[in-house]
Amino acid sequence: MLEIYNETLNDLLAKSGGAALDIRVLGKSVSVPGLTRVEVRTEADILTVMEMGEKNRKIASIKMNIQSSRSHLVVALEVEGSDEVSGLTSCGMLTLCDLAGSERISKTEAEGQRLVEAAAINKSLTALGQVFSALKCNAIHVPFRNSKLTHLLQLCLSGDSKCCMFVNVSPDAKDAVETEHAAVRLHHRAGGARQSDTERRAGEKQKHQVDISGTRSL
């Protein structure tokens with residue numbers, strides 16, 4: 001469990017500050033050597049570990065949010081299973097990523113360290129958008145290494161991996177519509193699928209049925 005804070009990797013499960021962490025690519029494998037590993041066997045174990053790591057995540061108060069996440073959070077859950085008949089063991093990886101939200105400086109009025117954090121967050125989210133665009137266009141070169149975020153999520157966004165994204169919509173009416181439109185575009189870029197005319201009309205209708213009383217997920 002780690003966070004990407006100002007383009008640096010921080011181990012959220014480490015008991016004390018350790019050596020600097022970096023991403024290593026070996027063949028089709030992407031890893032972070034030195035990252036703390038904790039064995040979990042039940043759902044309760046997983047939630048306990050995540051709660052512990054969450055306490056170490058960088059948060060701060062800004063004008064728009066009293067407890068604003070100042071980093072991207074990544075949880076990697078390795079799953080191992082054995083076939084009772086053949087005895088063969090199979091492994092898989094589930095990666096959960098909580099992205100810090102993009103920030104408009106005109107609204108947050110960030111200064112000093114908060115401004116540095118906002119710039120790093122926005123830059124990495126822009127890099128993520130560039131990766132989605134490259135994947136959609138089947139580009140020869142996909143800029144995974146433009147940021148630590150996209151570099152770390154490289155396997156999640158390519159090959160045989162499956163990716164699902166949820167976007168929280170602002171309760172503000174104007175921002176809600178703008179955010180959902182962007183989320184729909186991002187979803188289509190990630191999937192790279194074409195819509196039929198019926199699906200497109202249904203999507204347009206859904207865009208204007210935003211529940212401004214709370215948040216919704218795509």
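The largest nonpolar core has 18 residues, and those that touch the most other members are Leu 2, Ile 4, Leu 9, Ile 23, Val 32, Leu 152 and Leu 157. Strand 1 (2–5), helix 3 and helix 4 (148–152) each bring at least two residues to this core, and helix 3 gives the most, with 4 residues. Please keep in mind that you are looking at a predicted model. The chain averages a pLDDT of 80. Let's walk through the picture, topic by topic.

**The cores**

- Leaving aside residues up to four places away in sequence, Ile 4 touches Leu 9, Ser 71, His 72, Lys 148, Leu 149 and Leu 152.
- Another core, of 6 residues, lies apart from the largest one, and Met 1, Leu 12, Leu 13 and Leu 73 are among its members.

**The chain as a whole**

- The chain holds 6 helices and 8 strands. Read from the N terminus on, the elements follow the order β-β-β-β-α-β-β-β-β-α-α-α-α-α.
- Of the 218 residues in the chain, 28% are buried.
- The accessible surface comes to about 14,500 Å², and carbon and sulfur atoms account for 52% of that surface.
- Taking contacts between residues at least 6 apart in sequence, 53% join residues at least 24 apart.

**Strands and hairpins**

- Strand 7 (residues 72–82) pairs with strand 1 in the antiparallel sense, through 3 bridges. Within this pairing, Glu 3 has Leu 73 as its bridge partner in strand 7. Leu 73 is also a member of the 6-residue core.
- Strand 7 also pairs with strand 8 (residues 89–98), again antiparallel, over 10 bridges. Here Val 75 stands opposite Leu 96 of strand 8.
- Strands 7 and 8 form a hairpin with 6 residues between them, and Gly 87 in the turn has a positive phi of about 80°.
- Strand 5 runs antiparallel to strand 6 (residues 65–69), and 3 bridges join the two. A hairpin of 2 residues links strand 5 to strand 6.

- How far apart are the ends of helix 3? Its end C-alpha atoms are 37 Å apart. This agrees with the 36 Å that its 25 residues (112–136) should span at 1.5 Å a residue.
- The buried residues of helix 3 are Glu 117, Ala 118, Ala 120, Ile 121, Ser 124, Ala 127, Leu 128, Gly 129, Val 131, Phe 132 and Ala 134.
- Glu 111 sits in the loop between helix 2 (105–108) and helix 3. With a relative accessible area of 66%, Glu 111 is above the 50% cut-off and therefore exposed.
- Glu 111 and Ile 62 are 49 residues apart in sequence, and their C-alpha atoms are 9.6 Å apart in space.

- Just after helix 3, Asn 138 takes a positive phi of about 55°, and Asn 138 is a residue other than glycine. Asn 138 lies in the loop between helix 3 and helix 4. Its relative accessibility of 67% is over 50%, so Asn 138 counts as exposed.
- Asn 6 is not a glycine either, yet has a positive phi of about 50°. Asn 6 lies in the loop between strand 1 and strand 2 (8–11). At 23% relative accessibility, Asn 6 falls between the 20% and 50% cut-offs, so it counts as partly exposed.

**Where to read with care**

- In the chain, 77% of the residues score a pLDDT of at least 70.
- Over residues 189–197 the pLDDT is below 50, and this stretch has 8 contacts in the model beyond near neighbours in sequence.
- Residues 205–218 also stay under 50 in pLDDT, and the model has 30 contacts for them beyond four places in sequence.
- Where pLDDT is low, predicted coordinates should not be read in detail.

Notes: Residues are numbered from 1 along each chain as its sequence is written. This is a predicted model: local features need pLDDT of at least 70, side-chain atom pairs count only at pLDDT 80 or more; totals for chains, interfaces and linings use all residues. Side-chain values use heavy atoms; hydrogens and water are left out. The expected span of a helix is 1.5 Å times one less than its number of residues. Buried means under 20% relative accessible area, exposed over 50%, partly exposed in between (1.4 Å probe, protein chains only). Two strands pair if DSSP finds at least two bridges between them. A nonpolar core is a set of buried Ala, Val, Leu, Ile, Met, Phe, Trp, Tyr and Cys residues joined through side-chain atoms within 4.5 Å. Contact means heavy atoms within 4.5 Å. Accessible areas come from the Shrake-Rupley method with a 1.4 Å probe; for residues, only the protein chains shown count as cover. pLDDT is the predictor's confidence in each residue, from 0 to 100.
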